[in-house]
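Hi everyone, thanks for coming along.

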Amino acid sequence: MLSNIAIVLFDGFAFGMLLFVLSVGLSVTLGLMNFINLAHGAFGMLGGYVTVLAMRQFGLPFLLALPAAFLAAALVSILVERTLFRRLYNAGELNQVLFTIGMVFVAAAAATWFFGTVQQPIVLPRWLRGSVEVFGLRLGVYRIFIIAMALAITAVLVFGLERTRLGAQIRAAVDNQRVARGLGLDVEKIFGITFALGSGLAGLGGALAIEIVGLDPSFGFHYLVYVLIVVSVGGLGSITGSFVGAALLGIGDVAGKYFVPEIGSFLIYLILVAILLVRPLGLFGRR
Amino acid sequence: MAATDAAKTIDPHAWLAARSRWSVFEIAFWLATLLPFFLFPTYLTLASQVAIAALFALSVDLILGYAGIVTLGHAMFFGIGAYTAGILSARFGWNDPVSGLLIAGAFAGAIGFIASYLIVRVQHLALIMVTLGLGFLTYELANAMGWLTGGADGLRGVRTGEIFGFFRFDLWGYVGYSYALTVLFLAFLFSRRLVNSSFGLALRGVRENVRRMPAIGSEYRWHLRVIYTISAAMAGLAGAVLTQTTNTVGLNTLSFERSADVVVMLILGGTGRLYGAIVGAIIFMVARDQLAGINPQYWYFWIGLLLMVVVLFMPNGILGFLTRLAGRRD
């Protein structure tokens, strides 16, 4: 029983870390511009399909396909932000929600057109397959890999945000956009860069997710809900918040489905609503 | 300045009365809803689906278009109404449509009243997430309570009796469409009266600026609760009509897709103008019927594209766009 709990905790944490990579970008961009981008999951899907293409068509190894997914999602997001999203920054949340949902619809249809509705499996390199035994528990190697990746990304993000010039600018813009502008910061440019990085991370998350949850055209929709839960529970613009929110959701989701399969998803939504009612800004939200 | 002076001289009651006068277009519009009986008698089933969708969209327009509550989970009330009507018939043998309809509406309204206490506490992203969460919560609950709802297989054994013991639901949908259209028309009359009242004005005040309403002594939370309850009851009516005209209920009545579709319809037609809900529902349902026949997989591509175009170029929906075009010609 104890080892079951440990395994569930481990799998849940790995799933949570996957959700963290998928959603942290949205948390920061939402905190920065208050732009509700429901197409964030679609960038994750894009990253997933780029990985599939890179590995199958061009024979890239998995470790090189991951940066390709990151770059592709980041590039496409810059394009979309420049041409479409910036028209909507002052358009009200309803218009933003609808426009980006429209984009998810279009992305899902496009994915169906190019790849069909079937699941797209990838073949992992040999060293990422199987499991290892740690303290008598059999842990999946790929899940350990995901946790390590996510922790590394967290470290880079926290370091970048706390210690670099761009990080200081982002923090200033999140805290008070008008004052930041008054100090001569180019908030538009900062936002563009943050948006690209965040979408790139979503793309990376989509690539990492293929082996765990699969990839099909409904990915953008299905994981949108998870991503939104992480962002709203964690609080906008907070990396710590996203990390805690994602870990909680991942563990809660896996544990719920394992121990109480009938009402597992019910509990998740119940907790979501309860948290938002007590803390409408999320656990770590400040504004 | 001239505008404010003019506003001072107009009596608010006279202004509201002027707003609630019937125009020729409105009368023509409602007469046109009778056309399917004569022109497309083979499409009456679709016509009643359109009327149900329009009723549902109307209920969302009341909270989204007039009170500014963005919801992505309103299907919960649609589904609650649909299941109430279905369970009354399948589990308790209560087959009378009109009383079943009213009970379903009242029950959905009661749940809406409870939910409204949660809704008024939150705004912005948290509001969207709470409505979304409540919607999923209801879906999962209905799925888990298979002994009552039939779970994923849907509820079997729903039968609907004659309306007032006289009109029997026929295979071609004559009675079905008449029934759905009547409920829609009555709900529309009620909504029209509601939005052209001082209560409707107070709601618009909430939509425009939540903080100023308490400052002028308006109890905005209570207003929001009332309109949310009314809207929930109306969505419940729409769901019940769907159950009674099709004799089936499934989990799809509670799905996120239904919540999203209804907002799409409303946006296509235009929010905050009642007719937008109906026009949007007509366009959406007819387009889906036609496009899905040709190419079901890519139906959402067109809807997505349409949404993006409408948001970018017609912020007030198709009706608002047409009004502006008409205004330019004058």
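Let's begin with one residue: does A:Val50 count as buried or exposed, and how many C-beta neighbours sit inside 10 Å of A:Val50? While you look for it, please keep in mind that this is a predicted model.

Here is a hint on where to look: A:Val50 sits in helix α2 of chain A, which covers residues 40–57. Now the answer. A:Val50 has 22 C-beta neighbours inside 10 Å, and the cut-off for a buried residue is 20 or more, so A:Val50 counts as buried. Setting aside the neighbours within four places in sequence, its contacts are A:Ala68, A:Ala69, A:Ala72 and A:Gly203. For a sense of distance, take A:Pro280: A:Val50 and A:Pro280 are separated by 230 residues in sequence, and their C-alpha atoms are 36 Å apart in space.

Let's zoom out to the whole of chain A. You can count 11 helices and 2 strands here. Its radius of gyration is 19 Å, close to the 19 Å that the globule rule gives for 287 residues, so chain A is as compact as a globular protein of that length. Along the principal axes, its C-alpha atoms fill a box of roughly 60 × 45 × 35 Å. Of those 287 residues, 48% count as buried. And if you take the contacts in chain A with a separation of 6 or more, 78% of them join residues 24 or more positions apart.

How do the strands of chain A pair? β1(A), residues 131–134, and β2(A), residues 137–140, run in the antiparallel sense, with 4 bridges. Together they make a hairpin with 2 residues between the strands. In that turn you'll find A:Phe135, which has a positive phi of about 50°. Across the pair, A:Glu133 stands opposite A:Arg138.

Over to chain B, which has 17 helices and 0 strands. The radius of gyration of chain B is 20 Å, close to the 20 Å from the globule rule for 330 residues, so chain B too is as compact as a globular protein of its length. Its C-alpha trace spans about 65 × 45 × 40 Å along the principal axes, and buried residues make up 48% of the chain.

One helix I'd like you to find is α13(B), residues 220–246. It has 27 residues and reaches 39 Å from its first C-alpha to its last, close to the 39 Å expected. Because 21 of its 27 residues are buried, α13(B) is largely enclosed by the rest of the structure.

Now, where do the chains meet? The contact takes 29 residues from chain A and 31 residues from chain B. On the chain A side, α4, α9 and α11 each supply at least two residues. Of these, α4(A) gives the most, with 14 residues. That side of chain A divides into 21 nonpolar, 5 polar and 3 charged residues.

Finally, a word on confidence. The predictor gives the complex an ipTM of 0.80 and a pTM of 0.86. Chain B averages a pLDDT of 84, and 95% of its residues score at least 70. Within chain B, helix α7(B) has the highest mean, at 93, and helix α1(B) the lowest, at 52. Over residues 1–5 of chain B, pLDDT stays under 50, and the model has 0 contacts there beyond four places in sequence.

Terms used: Residues numbered from 1 in each chain as written. Chains lettered and ligands numbered in written order. Predicted model: local features only at pLDDT ≥ 70, side-chain atom pairs only at ≥ 80, totals over all residues. Expected span 1.5 Å × (residues − 1). Buried ≥ 20, exposed ≤ 12 C-beta atoms within 10 Å, placed from the backbone. Contact = placed C-beta atoms within 7 Å. Nonpolar A, V, L, I, M, F, W, Y, C, P; charged D, E, K, R; others polar. Rg over C-alpha atoms; globule rule 2.2 N^0.38 Å. Pairing = 2+ DSSP bridges. pLDDT = per-residue confidence, 0-100.
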